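Dear colleague,

Here is the structure I promised to hand over, and below it I have written out what was found. Please read the notes with the model open beside you.

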Amino acid sequence: MRAGGLTLAVALWAAISPAADDFPMTDFLKRAVALTSVQVKALDAGEVVTKQLPADERADVAVFGATRINDSPDVYAARFRDIVTFRRSPTVTEIGRFSDPPRVADVAALTLDNEDFAAARDCRPGKCDLKLARSAIERLHSQVNWSAPNAREHATVVLRQVMVDFVVAYRRGGAEALATYFDKEHPIDAAREFKTLLEGTRYLIAYAPQFHAYLTSYPNGRLEGVEDFFYWVKERGGPKPTVSVHHVSLWRDPRGPLFISSKQIYASHFVRVGLDLVAVVPSRESGGDFYLLDLYRARIDPPGGLIGNMITGKIRGSAENTLKDALTTAKTRTPARP
C-alpha cells in the first residue's frame, strides 16, 4: 500500500488532525475512503462498515473499518485493557495476557490441534506448515520423542516455551529480535518485514510522529503516557486455527484522539507481520459518542501459481471479515449509554 493506499491513509489521519477541527466526518468518509452515502448513513446509525484499500504488492493487505459508539473513549480504553474479555468471540477459542515478565503459566491454556501437531512433527527447515525459526524447529526435534504416547503434550510444552522466549526477546530487542522464519524454501526475515510495514505508515509519521517513533524504536524509545502489554490468541477465522502474539500500545495524543496500536509480532500461519491501528475520535456532531476508525495492514505469504491472485483475494476478503467481526465485538464490549 505504498501509493494509492497510502494516499487514502494520509487523508484518514489528516482528517482527525487538530488543524482540521471543522472537518466534517461524513465528507471525509466519502472523499478519502470512498464510502457510499448508504455506508455513511449506516455508520452514523451505529452500524459497522468496512472497505478494502488499494495494495501495490501482492504481499500487502490493507483494510479500513469504522463504527460509531455511544459512549466515552475512556470507557472504551478501559474495556480494551481487559483484552481477554474484550476479544472473546465465537472465533477466539483461546487467549491469554502475558505477565511482566512473561511466564510459561501465561500460555498454559494453549493447546495443539491435530493439524498443528502433525505440522510440528513433520516440520523441517524450508518445509514446514508452521511459521517457526530454525532454533524452534531444532528444539522440537531435539526435545520431543514423536513416537511416545505423550508426544503431543511434550510438543505443546516446547511451543509454549518458544512463545514465552519469543516475547522476552522482543521486549529486550524490539523488532530486530523478531524471528527469521524457515517454513518456506526462502527464509523470511520478520524484522525486515516489520520495518517495511512501519516505514509505510506515513499517516502515522505525518500525524503522530512521537507515537510512530516510539513504535519504531521500541523498546529503546520513551513516550509520556504510553501503556504497553502483550497477549496471545488462538482463533479460527481462516482456513486453519492460527496462534498469534500481539504487542499493544495505548497512547492519548494531548492534541487529539486516543491511539491503540496492535503489532502482530507472530502468527503461526499466513501472516508474516501485521499492524492494527485504531483511532478513537470523539464525534464533533454530538460530543457524547465517538467514531472508532480502524486501519489494518499486514504482510502475507502471497500464493503463487495460476490461482494465486484468486487465493490472495480470498485472504484479503477474510481480513475484511475479521475486521468487521472485531468492530462488532468492540460495540458489544462497550455498551451504549442510555
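How do the residues of the lining of the second largest pocket divide into nonpolar, polar and charged? They divide into 17 nonpolar, three polar and six charged, where Ala, Val, Leu, Ile, Met, Phe, Trp, Tyr, Cys and Pro count as nonpolar, Asp, Glu, Lys and Arg as charged, and the others, Gly among them, as polar.

Before going further, please note that this is a predicted model, in which local features need pLDDT of at least 70 and side-chain atom pairs count only at pLDDT 80 or more, while totals for chains, interfaces and linings use all residues. Residues are numbered from 1 along each chain as its sequence is written, and side-chain values use heavy atoms, with hydrogens and water left out.

**The pockets**

A pocket here is an open set of points, on a 1 Å grid over the protein atoms alone, where a 1.4 Å probe fits and protein lies on both sides within 12 Å along at least five of seven lines; its lining residues have an atom within 4 Å of a point. A volume is the space filled by probe spheres set on the points, which are joined across faces, edges and corners.

The second largest pocket holds about 420 Å³ of space. Of the 26 residues that line the second largest pocket, Leu-132, Leu-159, Val-162, Met-163 and Tyr-266 are the closest to its centre. Helix α8 provides the largest share of this lining, six residues (helices, H or I of at least four residues, and strands, E of at least two, are DSSP runs numbered from the N terminus).

In the largest pocket there is about 1,200 Å³ of space, and among the 50 residues that line it, the closest to its centre are Arg-87, Glu-235, Ala-319, Thr-322 and Leu-323. With 15 residues, α12 gives the most to the lining of the largest pocket.

**Glu-235**

Glu-235, which lies in strand β6, is buried, with a relative accessible area of 16% (buried means under 20%, exposed over 50% and partly exposed in between, with a 1.4 Å probe and protein chains only). The side chains of Glu-235 and Arg-87 are joined by a polar contact of 3.0 Å, that is, a pair of N or O atoms within 3.5 Å, of which, within protein, one must be able to donate a hydrogen and the other to accept it, and residues adjacent in sequence count only if both atoms are side-chain atoms.

With kind regards
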